[in-house]
Each structure stands twice: as structure tokens, then as C-alpha cells.
Amino acid sequence: MLSSGKKFAGSGAYAWHRRLAVVAALAAWVVLPIEASDANWLSDVFSPKPDKSTKQATSPKQATAAKPAAPKSQAAKPAAAAPRPVATTCDPAKFRIVLDVGHTAKSEGATSARNVAEFSFNLRLAQRVEQKLKSAGFAATRLLVTEGKARASLVKRVAVANSLPADLFLSIHHDSVPNSMLENWEFEGKKARFSDRFSGYSVFVSHTNPEFKTSLEFAELLARELKGRGLEYAHQYTDPVMGRYRHPILNKETGVYSYDDLVVLRSTRMPAVLMEAGSIINRDEELKMDSAERRDIVSGAVATALKKFCDARRPASAHPDGAATAPQDHPVEGSKPK
Ligand SMILES: [Zn+2]
């Protein structure tokens with residue numbers, strides 16, 4: 001869930017204590033978690049002090065990256081001295097999409113209607129997306145799992161993405177509702193909270209991201225693919241009932257919203273999109289989100305969207321006829337090295 005950092009969903013149960021992983025995972029990719037949140041929804045995604053993230057994003061210490069199964073010594077290898085610019089063309093084998101697993105093992109995000117942490121849903125879905133992308137030829141796909149508390153983890157996510165730099169950043173979350181909407185029930189003898197009022201996916205971009213136009217382009221492709229697979233988007237973000245959690249909708253047909261203050265969208269220097277794959281506070285939808293079938297559907301949508309995004313950026317020489325879509329037909333504003 002996206003959260004604005006203030007009081008929201010009080011996900012009480014912190015069953016996971018992965019202290020050992022904290023140090024090792026500080027800079028590890030893929031297998032090791034990089035982030036955690038404050039316990040809710042949007043709380044680890046929004047921070048009132050954006051400047052900090054940006055400042056730390058350039059720290060070489062944060063730039064460490066390693067392959068999933070790499071030994072620790074290799075994992076500590078610093079990022080290249082001269083980071084390449086964000087790509088304006090796309091070679092699938094080299095295109096670095098970062099799949100950001102929302103929240104952390106320590107700060108798990110929302111709690112589902114059946115008392116399962118959002119982080120667990122995010123991780124499983126992101127891993128499936130990673131598999132799909134790699135088998136589709138996107139070999140440079142990275143899974144970003146972050147350790148620690150919510151706010152700190154945001155800084156880490158942004159730092160890692162900027163230091164690569166990633167060519168595209170996709171943050172993966174599952175949705176909940178404001179606390180005031182929660183109702184009580186019991187699941188397997190334990191108290192739990194739910195709301196069946198809303199369901200659906202949603203896709204967010206920030207106008208403050210320097211690559212807003214490109215972010216929106218990918219968001220549109222992704223939302224269209226999700227919709228095309230029969231999924232409905234979450235309409236409540238424009239509803240007055242959402243109070244300060246309302247957000248402007250950019251595409252009423254497919255479910256793309258703007259959320260300018262999200263740290264991972266505004267402080268990243270490459271196109272960045274956040275996806276709420278579905279609601280886990282809705283009892284029916286939670287079961288769907290928990291299924292391999294739904295993970296296949298959503299990950300398929302991401303893979304197809306990325307393929308279309310990439311196809312539009314193939315260098316002219318990469319096209320069979322040597323012409324077709326040249327990069328200048330799809331300007332990527334502000335993507336020069338910074
Ligand atoms: Zn979340």
C-alpha cells in the first residue's frame with residue numbers, strides 16, 4: 001500500500017525478525033531485502049523530507065550492488081566509477097529495470113484481511129515478475145529488496161536506483177484502506193481487520209520525477225495491459241471518502257493516478273512507476289492476490305508492457321527494416337547524464 005507517512009493502518013504484527021540479514025542486505029540485490037516500513041500502507045513510501053533522499057542518493061556507499069547469489073565479497077563491489085546515463089534506447093538484454101519490493105521484512109506495510117504482511121505479497125509477486133522478465137530476454141532485471149525501517153529504506157531504494165542508474169524503476173505494492181474503514185472479524189481464531197469496500201489495481205506516477213513523461217508512458221502501458229487481462233482498477237482514490245489520500249486520476253479508463261510526493265517516484269532520476277497490484281484488505285481479492293494464477297496475470301502484464309516500452313526505443317538499426325521506430329520518435333526528456 002502507498003502511505004503518506006502519517007498515521008495510517010496500524011499493522012501490528014511484526015512476525016519477521018531478520019536481523020541477521022540487515023547488514024548483509026544493505027546493498028544486496030535480488031535475494032536480500034533492502035527495505036522496511038513503518039507499519040503501514042503508504043508510510044514507507046512517502047516522506048515529508050524529500051531532500052534527504054536526494055542527497056544520500058549519491059553516496060557511493062549506497063551504490064553497492066551485487067548479483068543474488070554472489071558471495072559477500074563480490075556483493076560489496078562498488079558501482080562503476082562512471083555511471084552510465086539512463087537509457088534512451090532499449091536493448092532488452094541490457095535494459096536495467098529495477099523491481100522494487102515495497103516495504104521490508106522489518107516494516108511490512110499493510111496487513112491483509114488474513115493477517116499476512118503486505119511485504120510477503122510484494123516479494124512473491126516481484127519474484128514472479130523478475131522470472132517473467134528474464135525469460136522474456138530482460139536479463140539485466142534487478143529485484144530490489146530493502147532492509148530496515150520505512151523511511152531509511154526509502155533512501156536506500158532511491159540511492160541504489162540512482163547509482164546504477166536504473167533505466168526504469170517499478171515499485172510493487174498491494175493496497176489497503178485508511179484505518180477508519182476497517183471492520184473487525186476473525187480468521188483462524190485470530191482477530192483480523194478487513195474492508196470489502198474497494199478492490200482493484202492502481203498505477204501511480206509523480207509529476208516531480210524528472211522523467212515524468214516517460215514514467216507516464218510506461219504507467220499507461222502497464223495499466224492498459226492489466227485492464228486488458230480483465231482486471232479492474234481501484235476507483236476510490238478520487239473519492240472524497242479517501243480524504244487526504246485522494247489523488248488525481250490521469251487516465252480514467254485504465255487507472256493511472258498521480259501521486260507527486262511519493263519518495264520513490266520523485267527522488268529517482270529515471271522513469272519511475274508504482275503499482276498497487278490489488279487489494280489485500282478485501283477478503284475476496286486477498287485470496288486472488290495470493291494465487292499463482294494472479295501473479296502470472298500481473299507479471300505477464302508487466303512483461304508485455306515492458307516489451308512494448310522497449311520496442312518503442314529500439315535503435316533504428318535494430319529493426320529488421322533498419323528504420324521503423326527511431327528513438328527520436330519517443331523523446332525521453334531530461335534523460336541526459338546528470
Ligand atoms: Zn505498500
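Modeller: The buried residues of helix 9 pack against strand 2 (97-101), helix 4 (118-135), helix 6 (212-228) and strand 11 (272-279). Helices (H or I, at least four residues) and strands (E, at least two) are DSSP runs, numbered from the N terminus, and a residue is buried if 20 or more other C-beta atoms lie within 10 Å of its own, exposed if 12 or fewer, and partly exposed in between, with C-beta atoms placed from the backbone. This is a predicted model, in which local features need pLDDT of at least 70 and side-chain atom pairs count only at pLDDT 80 or more, while totals for chains, interfaces and linings use all residues. Residues are numbered from 1 along each chain as its sequence is written.

Helix 9 itself covers residues 292-311, and its 20 residues reach 28 Å from the first C-alpha to the last, close to the 28 Å expected, where the expected span is 1.5 Å times one less than the number of residues. The buried residues of helix 9 are Arg295, Val298, Ser299, Ala301, Val302, Ala303, Ala305, Leu306, Phe309 and Cys310.

Of its partners, helix 6 packs with helix 9 at an angle of about 140 degrees, the axes being 8 Å apart; axes are lines fitted to C-alpha atoms, for helices over the stretch in contact, and angles run from 0 to 180 degrees between N-to-C directions. That angle makes helix 6 oblique to helix 9, since angles under 35 degrees count as roughly parallel, over 145 as roughly antiparallel, 65 to 115 as roughly perpendicular and the rest as oblique. On the side of helix 6 the contact is made by Glu217, Phe218, Leu221, Leu222, Glu225 and Leu226, and on the side of helix 9 by Val298, Ala301, Val302, Thr304, Ala305, Lys308 and Phe309, two residues being in contact if their C-beta atoms, placed from the backbone, lie within 7 Å.

Leu221, found in helix 6, counts as buried because it has 23 C-beta neighbours inside 10 Å. Leaving aside neighbours within four places in sequence, Leu221 is in contact with Ala305, Lys308 and Phe309. Leu221 and Ala301 are 80 residues apart in sequence, yet 8.8 Å apart in space, C-alpha to C-alpha.

Helix 4 is followed by Gly137, whose phi is positive, near 100 degrees.
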